Amino acid sequence: MVSNSNDIALNADFCCYVINLDGSTERFSQVSASLEKAGVAFERLSAFDGRKLSLDTVADYDAAAARRYMGRELVGGEIGCYYSHLNAAKAFLRTDRSYCLVIEDDAAPHEALQAIVTETIGFLNAHDPEWRIVNMGNEKLKIFRPLKTMSFGKNIFTLCSAHYFPMTTGAILWSRKGAQEFVDGHRVIFAPVDNFFRHWITRVGGGYSFFPRPVSTTDAVSDIAHPGKISRSRNARSFLYGLRKQRRLMVDKLIATKRKYFS
């Protein structure tokens with residue numbers, strides 16, 4: 001079901017893109033089969049391959065800002081993953097769809113995914129018309145509020161307000177508002193895309209997630225985010241890395257806690 005524009009109309013006002021690195025045909029075949037079983041029409045988007053990037057040539061990468069915020073510099077794979085999601089948001093905004101599901105090619109969606117997405121959109125439009133983003137593939141939730149329980153066969157999924165927006169980007173559901181803000185607000189890259197989403201959404205709100213997750217992952221290591229020859233954990237790590245990481249986590253948790261109890 002690698003779709004054309006007519007196929008996309010099969011989904012309930014949402015398009016779906018699968019981010020897949022050129023040459024990763026087996027991964028694409030696996031996720032394609034899962035999405036077809038779930039009845040979700042989709043298009044393939046070629047992932048941005050950043051593994052061999054010379055970061056000195058990336059105009060919108062701010063290494064100094066990355067050292068301040070992350071306590072280390074980024075690696076090419078992280079830049080590639082960021083661009084892949086930015087490109088997916090731009091592709092969505094070129095359509096007339098109101099919502100977009102972005103799936104990475106190591107995703108393993110539940111077979112009721114289309115119904116879950118449709119019900120999620122309907123609920124959020126009534127509950128929070130200004131919603132921005134739903135993380136459908138996270139493993140853990142912290143500082144959240146349960147909102148709605150959805151039952152599909154023997155499986156129960158709970159949609160939650162994710163005040164402390166969860167990491168991972170294996171399955172992201174965008175509203176048009178959220179994608180537009182992501183694209184329009186892009187200036188420089190100072191963090192991996194999942195860290196950026198946490199930084200942004202924790203501050204502005206409109207972020208949601210599930211427990212348990214309706215989109216899990218295979219055991220395959222991410223192609224687009226793979227650091228390549230340089231270890232992510234050791235790449236230009238500041239001697240203040242530990243302090244900066246703890247400060248980042250503490251500030252985000254404080255903001256999320258305030259939003260949960262006082263907004």
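The model is predicted, with local features needing pLDDT of at least 70 and side-chain atom pairs counting only at pLDDT 80 or more, while totals for chains, interfaces and linings use all residues. Residues are numbered from 1 along each chain as its sequence is written, and side-chain values use heavy atoms, with hydrogens and water left out.

Entry on α6 and α7. I looked up helix α6 (residues 176-185) and helix α7 (residues 193-204), whose axes come within 13 Å and cross at roughly 110 degrees (helices are DSSP runs of H or I with at least four residues, numbered from the N terminus; axes are lines fitted to C-alpha atoms over the stretch in contact, with angles from 0 to 180 degrees between N-to-C directions). The two helices, α6 and α7, are therefore roughly perpendicular to each other. I then listed the contact (heavy atoms within 4.5 Å): Gly 178, Glu 181 and Phe 182 of α6 meet Val 193, Phe 196, Phe 197 and Trp 200 of α7.

Entry on α4 and α6. I noted that the axes of helix α4 (residues 76-93) and α6 come within 9 Å and cross at roughly 125 degrees, and α4 and α6 are therefore oblique to each other. On the α4 side I found Tyr 82, His 85, Leu 86, Ala 89, Lys 90, Phe 92 and Leu 93, which meet Arg 176, Ala 179, Gln 180, Phe 182 and Val 183 in α6.

Entry on Phe 182. I marked Phe 182 of α6 as taking part in the contact with α7 and also as one of the residues that α4 meets.

Conventions. Angles under 35 degrees count as roughly parallel, over 145 as roughly antiparallel, 65 to 115 as roughly perpendicular and the rest as oblique.
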